[in-house]
Each structure stands twice: as structure tokens, then as C-alpha cells.
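Here is a friendly note to read alongside the structure. Keep the view open and follow each point as it comes.

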Amino acid sequence: MNARRGRAGPAAHRSWPMIAAALLAATVFAALGIWQLQRLQWKRALIERVQHHAGGAAVTVPGPAEWSRVDVEHEEYLHVRAVGVFLNEQETLVQAVTEQGAGFWLMTPLRTDAGYTVLVNRGFVPAGRAAQAARRRGQIDGPATVSGLLRLSEPGGAFLRANSPAADRWYSRDVSAIAQRRGLAAAAPYFIDADATPNSGGLPVGGLTVIAFRNQHLQYALTWFGLALLSVWYGAVAFYR
């Protein structure tokens, strides 16, 4: 009996570090699983909110008195409407890659009837039709009504490609920088993604806003919980061997 305990004692002693490591890993993995479940709830709420915003009846765009309160939670992808006149000579081309290929978003200021200015992403134009002369029929002169989705500014540029206002080279729809470059007074801190209402001549092509949110948080949570259970099993094996 003494010899048997002598052999078991050192083995049990050696297993404690492995048991501790297994329990620590299980705790971390379980915490990550719980975090992913929280992210799942947040993502589902986001999707529901965006669908509600985008699918509702169009409302008048927020005016200057509301600009300080415009945020992602309450206004992003809100279905809005604005009335005014396009300032076609002050449009801006922002590089884009869409289902239609590579080209540009056509950002045109709309001077609203209320006196302030809203940038409108009128839609996509291919690289070979970027010049105004190549899409003259699509220009709208005189009063216009725009319907679309409210989007928040995209400051700075794209991944590894910074906007260059001085060179008039744009990779993101940075409302503040574009407004400053074009000398637009009283410009709204958001822009409108125009809907799919056809434009004369077929350009620009509106209604290309992608509303899709990757939602794999449940799979991630199950993976983390599975690793937690595996760690517990490993610790149990180390304890009883």
C-alpha cells in the first residue's frame, strides 16, 4: 500500500499544473462564448433596427437643429426625403467597387428648400463614364426630390488609402472633408444614398446600398463553449489518471 501511494503521489503532483491550465482555459473560453452571445443579441437588434429604418415611409431629412443628435442608432439607414436643387458643378467622384464593377460614387450637393446643403450619393458611374460630358443626360437641373437612405460620414478614406482633398482624390464619402473642399456652407453631417429611381440615360445607377450584416456569433459562441467543455474534460483526465 505504501509503495502504491508513493507511485501515485508524484503523478498527482505533476498533474496539478495541467489541471490549473485546463480550468483557466475553460474559464476563458466560456467567457468568450458568453461575449459572443451578447454580440449575437446586439447584432440581431441592429438588423431589426436597420430593416425597420430602411423599410419605413420616407421622412424629411433632419435639419440643422437636429444635426447634433444624428447618430448610428437612431438615424443610420433611415428612409428619408429631401427637396431642393442639385449643384451639379460641385459634384465629387468617390472611388467604388460595386456589383456593377469598378467606378465611382457620384456625390452631388443638394441645396434644400430649407437653405442648408445635403450631399447626395446619386449612384454609381463606371470609370469610363466619369466625366460629366459622358453622362450629361443624367444631370438634373431645376427642382428635384430625392428619396433614399440616410448614411453617416465615412471620414479618412479606405484601408491603406487616405483621402487627398488637395488632389481631389477620394476613397470614402467623408462628408466634412468634401463639403470643405467644395466650399459648401451649412452642410449636413450625413449624406443620402439615393434610391433606385432611374436617371435619364441610365446613369448614375442608384439603389445600390448594401444592407447586409454578417452574423456568425452563434457559431462562434458554440465553438468557444465546445472548447471550454474540451478543456474541462482534459482537466478531468489529468486529475484522475
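1. A salt bridge here is a side-chain nitrogen of Lys or Arg within 4 Å of a carboxyl oxygen of Asp or Glu. Please keep in mind that this is a predicted model. By the salt-bridge rule, the count comes to 6.

2. Let us begin with aspartate 168 and arginine 182. Their closest N and O atoms are 2.9 Å apart, and the two form a salt bridge. Aspartate 168 lies in the loop between β8 (161–162) and α3 (175–182), while arginine 182 is in helix α3, so the pair ties together parts that are 14 residues apart in sequence.

3. Are these two partners buried or exposed? Start with aspartate 168, which is partly exposed, with a relative accessible area of 33%. Arginine 182 has a relative accessible area of 17%. Because buried means under 20%, arginine 182 counts as buried.

4. Now find aspartate 193, which forms a salt bridge with arginine 151; here the closest N and O atoms are 2.8 Å apart. This pair links distant parts of the chain, with aspartate 193 in strand β9 (residues 187–194) and arginine 151 in strand β6 (residues 143–152), 42 residues apart. Aspartate 193 is buried, at a relative accessible area of 4%, and arginine 151 is buried too, at 11%.

5. Which other arginine does the side chain of aspartate 193 meet in a salt bridge at 3.4 Å, N to O? That partner is arginine 173. Arginine 173 sits in the loop between β8 and α3, and aspartate 193 in strand β9, so to speak of this pair is again to speak of a link between distant parts of the chain, 20 residues apart. Both aspartate 193 and arginine 173 are buried.

6. A network of salt bridges links Glu76, Arg151, Glu154, Arg173 and Asp193.

7. Finally, have a look at glutamine 139, found in the loop between β5 (117–126) and β6. Is glutamine 139 buried or exposed? Its relative accessibility is 12%, and it therefore counts as buried. The side chains of glutamine 139 and arginine 135 are joined by a polar contact of 3.4 Å. If neighbours within four places in sequence are left aside, glutamine 139 is in contact with Asn88, Glu91, Arg122 and Gln132.

Note on methods. Residues numbered from 1 in each chain as written. Predicted model: local features only at pLDDT ≥ 70, side-chain atom pairs only at ≥ 80, totals over all residues. Heavy atoms only, no water. Helix = DSSP H or I, 4+ residues; strand = E, 2+ residues; numbered from the N terminus. Buried < 20%, exposed > 50% of the residue type's maximum accessible area, 1.4 Å probe, protein only. Polar contact = N/O pair within 3.5 Å; in protein donor to acceptor, adjacent residues only side chain to side chain. Contact = heavy atoms within 4.5 Å.
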